[in-house]
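User: Could you take a close look at one part of this model for me? I'd like to hear about the salt bridges and what surrounds them.

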Amino acid sequence: MFGYIRPSRGELKVKHYEYYKTAYCGLCNTLRRRHGPAARFTVNYDFTFLVVLLSALGQDPSFEYKRCPASPVTKKCAVCETAVFDLVADQCVILYYHKLMDSVSDEAFPNSLVARLSAAALRRAYKRARAALPEYDKTVVQKLSELSALEGSNSPSLDDTADCFASILSASVSHYEDDELRRPLELLLYHIGRFIYLTDARDDLAIDYKKGSYNPLIYRFNLTGGELTDADADYLTATAGHSINLAASAFSLLPLKTGMEIIENVIYLGLPEVWAQVESGVFNKSEMNRHKENRSNN
Amino acid sequence: MRDPYEVLGVSSSASDEEVKKAFRELARKYHPDNYVDNPLSDLAQEKMKEVNEAYETIVKSRSGGSYSSGYSSSSSSAYSNYSGSGYSAIRAAINSNNLAYAEQQLLGIRDRNAEWHFLMGSVMYRRGKLDQARSYYETACQKEPNNMEYRQALQYMQTGGGSYRPSHYSTGGGGMTTADCCSSLICADCLCECMGGDLIPCC
């Protein structure tokens, strides 16, 4: 989706990275089974992180080998689908659909047309997912419209805009009944969501300024050019880092089992690495290109 | 109570040193300093208590006699001693995460002194609105520059919130990985062979 939630691969043991990939495959399979082949294109590593996190609270995973359109010869190993995978797949479809609908109105031609066609392809899947998770869909709609209103009024508030997105992420677990799990999960997801929003704002600042699009950093720091001053950049780094630290404090309170090392790596290494890359302009959003980079670095 | 060895994450046959090390790492993790003003500080306190009890149980059962007490956590609540005025009810509400009530009470107050700004900052912080929290703390410090409580809160925001970091992720690589070890030995062996000797005969 955004692509900012990723582990620091070099520091992740191979066996954990392999598990991470099987979770991605498991999510893709769940999307296809529940929502049809068109829904597969919504799979992304951000939601893979979510499925690994929530699965780590449950029983040890089991695996199966399945055919994959992206791997025509060899079968891929995937985590067997569970209720957690179903939940995350539905949430993924809902959020992706709403994001596409926003693009239809926000983007210019031809991006808006692509978004319109993709949304149409996803509509049945969205309706099914919405029927399964009506409360989650309601929260997404409400928070995205709050965000839209803030953006429309050129809000200078980093917190209020980030809060809309962060609240959507923490809503993933609002139905968990066990307080001792739900509270840390909500705080962890909230601050990861806040981090994503700030990173996205930082990443898109130059382009947004050039196009005259809304970016909270422009109004928060009263920018007259498309760049932050050093002081402002440091301030922003401190507040983004603070969100990572709060996510870490919540992570420490969760009894995670299989996949714990992936979440730990993302929080302590992956997120700071992504921030540093975004700051220095070397961050590469495309997952395909990232794999190419990794191969050339090894 | 849970099995104390399970709480510390060590096997029951672990050495005293291993038990101590595990205990220290967990005490570092759940230390109240990492949960200052954190909405989950009560959960961390419970965890800290569980870890302390587990360590004391193991040490007691192993030594069978007197022992030096385990890690004792310092200040429990951040707000225990500071309030003078009618803000004590609001502080209590914040401490128990009753943020809606606390905010409502604060907004009803017209005279907005330093403490008002500090407590508002606290509500914002627990809500995740870190930028606004910092701004309120800054105002509190401006109004009452000598107040340590407000100053500490502001400093905490300025440093981006200190946090526990697992020891295997500590920065400033002093440790060696097995890869380093292997490559160092191979290098040493090659150098040795250059000199006419042989460090590792099979290489």
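Analyst: Happy to. In this predicted model, the side chains of B:Arg91 and B:Glu149 meet in a salt bridge, with 3.0 Å from N to O. This pair ties together distant parts of the chain: B:Arg91 lies in helix α4 (residues 88-95) of chain B and B:Glu149 in helix α8 (residues 148-158) of chain B, 58 residues apart. Both B:Arg91 and B:Glu149 are buried.

Chain B has another such link, where the side chains of B:Arg127 and B:Glu103 form a salt bridge at 2.6 Å, N to O. Here B:Arg127 sits in helix α6 (residues 114-127) of chain B and B:Glu103 in helix α5 (residues 99-107) of chain B, and the two are 24 residues apart. B:Arg127 counts as partly exposed because its relative accessibility is 29%, whereas B:Glu103, at 17%, counts as buried.

Turning to chain A, the side chains of A:Lys143 and A:Glu146 meet in a salt bridge of 3.5 Å, N to O. These residues are 3 apart in helix α5 (residues 134-152) of chain A, so about one helical turn separates A:Lys143 from A:Glu146. A:Lys143 is buried, with a relative accessible area of 15%, while A:Glu146 is partly exposed at 29% relative accessibility.

Chain A also holds a network of salt bridges that links A:Arg33, A:Arg34, A:Glu81, A:Asp86 and A:Asp90. To put these in context, the structure has 25 salt bridges over all chains.

How values were computed:
Residues numbered from 1 in each chain as written. Chains lettered and ligands numbered in written order. Predicted model: local features only at pLDDT ≥ 70, side-chain atom pairs only at ≥ 80, totals over all residues. Heavy atoms only, no water. Salt bridge = Lys/Arg side-chain N within 4 Å of Asp/Glu carboxyl O. Helix = DSSP H or I, 4+ residues; strand = E, 2+ residues; numbered from the N terminus. Buried < 20%, exposed > 50% of the residue type's maximum accessible area, 1.4 Å probe, protein only.
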